[in-house]
Amino acid sequence: MGFDVTYADFSVDPAPLANAAVSYDGARFAGSHVAVGAGGTVTLDFEVEDPQDVPQATLTITALVSKLGSRLGHAPMDVLLQGEPLVTDLTVPGGGDLPQDNVLAVPGHLLKPGTNTLEIRSSAKAASMLWLYRITLDPVWERGRSERARTAAAARDSVFAYRTELRPAHSPAAPWQAAPRLLFHVDRGEHSLPAQLGWRTADGAEAALSFQSNMSDFHGCYRIPDGTTYEYRGRLSDRRPFSDDVQNLSAATLHRFRTEEGWGGRWHTSGELRLLVDDGAAPVERVTWRDQRGNSGVAVLHAASHEAEVTAVEASDEFEEAEEWADNLLADQRSKWLAGGDTAWLDFTLARPTAIGSYSLMSANDCPDRDPRDWTLYGSRDGDTWLPLDTRGGETFTGRFETREFHLRASAPACRHYRLDITRNAGGTETQLARVRFAEAAAGPVFTGYYQRYNEGPIGYRGTPAAPSAAALPAAPRIAAELETAVASLAETAQTLAALAANLRKH
């Protein structure tokens, strides 16, 4: 009955269409819209099954008039249906940057069974260009139906890539410099396009940006790890639906989470959240977003830990007379291990080979100068060949029986043996600790955050990995080589960003 969802979206080429066929005369696609010259026409043919069911229709034409240098533009518009004028010489606002919705009533008697023809003409007297962004047409009782359908269809293409540029903040005369590609995908399954996006990476870089409603461009700011801030802008270079091969487009990790929402005093199962943000730098640790419906969310990624079982510990030295030996490190009471000298080592054997993501050390009861300050943690499959996993220098404890947790900066192989090699303490002639614990690495990070639906209050939001995010570990002889390759790749990326920052400062 009546007619189906009807729209033409000119933000991409070819234009997404529903119940429509479009032709141009004196018009061309211009990146995010169709530019119509003086006397040009855009024609839309659409089908109506039974016009008797439609006493009136709502036509929305989203358009803008281009500027004439610094002056307002001028491109009056005629709109005709079946050759009959709906409006003549309509002056669309010009001079701004945002397209305007022009809403017109279509008398039902102008509709006919079968093919109907809508024409949008730019006046022959136009001095600038008429820019058309989209057209929607609905029965009067269902206003907004086609726009909702258009937005939902557009949201299915939810993987975005942008060519980006940077220039120093507060330096409008400085030239824009090419920056790494931005690729992202943020999806809760709600079929809504993003309006704003922000993130922080593991090295401390931060970005915040806002998109054009058709996703063609963004503008925002970017702060690199040393604190230098830049203007940041991008132009859409690719857009596609999500599929499992999206991970092949990026070196960054695609995170998939099973989620829960916290309200009413308990947690409730929610849908899957997918996150991928790749700005050419370090992995993300926080993502914030707001969609075009006004919903917003925050996800802070962090490791989930499960304590690994330690079955034995050996030490380079122990103070046996006071029963301050290495086994005390595994106990829950406040005892301690004490060794002579300003250096020492501890070897731990786990119940099974385990890939750890973090470890914790507890300071002992007295003498802060005995606290470890510099050390390296090694891992071994067989207890003979050791691989460095984490190195720390200049660490301090601020109190007695204080526990500090240390996260590994890169993924580690599953090892059964771990060695804590303390190469310097805080200046004392003896070295001590009260407790050592190892935490198993999760299959992927979890997240903690909040979610806020439009016009509602914020609620708790959390997630755990929906699927393993890492492949099986390589064979032992390849581990060191692959770790070295990964470190070299990160170093190369850091050098590229540093060179870009130095080049931008020259301007």
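Let's start at a serine: in this predicted model, a polar atom of the S128 side chain sits 3.0 Å from the backbone oxygen of S66. The S128 side chain also reaches the backbone nitrogen of H74, at 2.9 Å. Here are the two contacts side by side.

| Side chain | Backbone atom | Distance |
|---|---|---|
| S128 | oxygen of S66 | 3.0 Å |
| S128 | nitrogen of H74 | 2.9 Å |

Where in the chain does S128 lie? You will find S128 in the loop between β9 (114-122) and β10 (130-139). Is S128 buried or exposed? Its relative accessible area is 8%, and because anything under 20% counts as buried, S128 is buried. Beyond its neighbours within four places in sequence, S128 is in contact with V65, S66, K67 and L68, and also with G73, H74 and A75.

Now to the nonpolar cores. The largest one has 36 residues. Those with the most contacts inside this core are Y162, L182, F184, L197, W199, Y232 and W289. Strand β12 (residues 177-187) supplies the largest share of the core, four residues. A second, separate core has 35 residues, including A8, A63, A75 and I120.

W199 in the largest core is worth a look in your viewer. Leaving aside neighbours within four places in sequence, W199 is in contact with L182, A205, E206, A207, L209, Y222, Y232, V277, D279, V284, R286 and V287. Two of these partners, L182 and Y232, are named with W199 among the residues with the most contacts inside the core.

Next comes a sheet. Five strands form an open, antiparallel sheet in the order β22-β24-β29-β26-β27. Its edge strands are β22 (310-315) and β27 (387-392), each pairing on one side only. From one strand to the next, the twist averages 20°. Within the sheet, strand β24 (residues 344-354) and strand β29 (residues 415-425) run antiparallel and are joined by seven bridges. Which residue in β29 is the bridge partner of W345? That partner is D421.

Finally, the cysteines. How many disulfides does the structure hold? The count is zero.

Definitions and conventions:
Residues numbered from 1 in each chain as written. Predicted model: local features only at pLDDT ≥ 70, side-chain atom pairs only at ≥ 80, totals over all residues. Heavy atoms only, no water. Disulfide = S-S within 2.5 Å. Pairing = 2+ DSSP bridges. Helix = DSSP H or I, 4+ residues; strand = E, 2+ residues; numbered from the N terminus. Axes fitted to C-alpha atoms, helices over the stretch in contact; angles between N-to-C directions. Buried < 20%, exposed > 50% of the residue type's maximum accessible area, 1.4 Å probe, protein only. Polar contact = N/O pair within 3.5 Å; in protein donor to acceptor, adjacent residues only side chain to side chain. Contact = heavy atoms within 4.5 Å. Core = buried A, V, L, I, M, F, W, Y, C linked by side-chain atoms within 4.5 Å.
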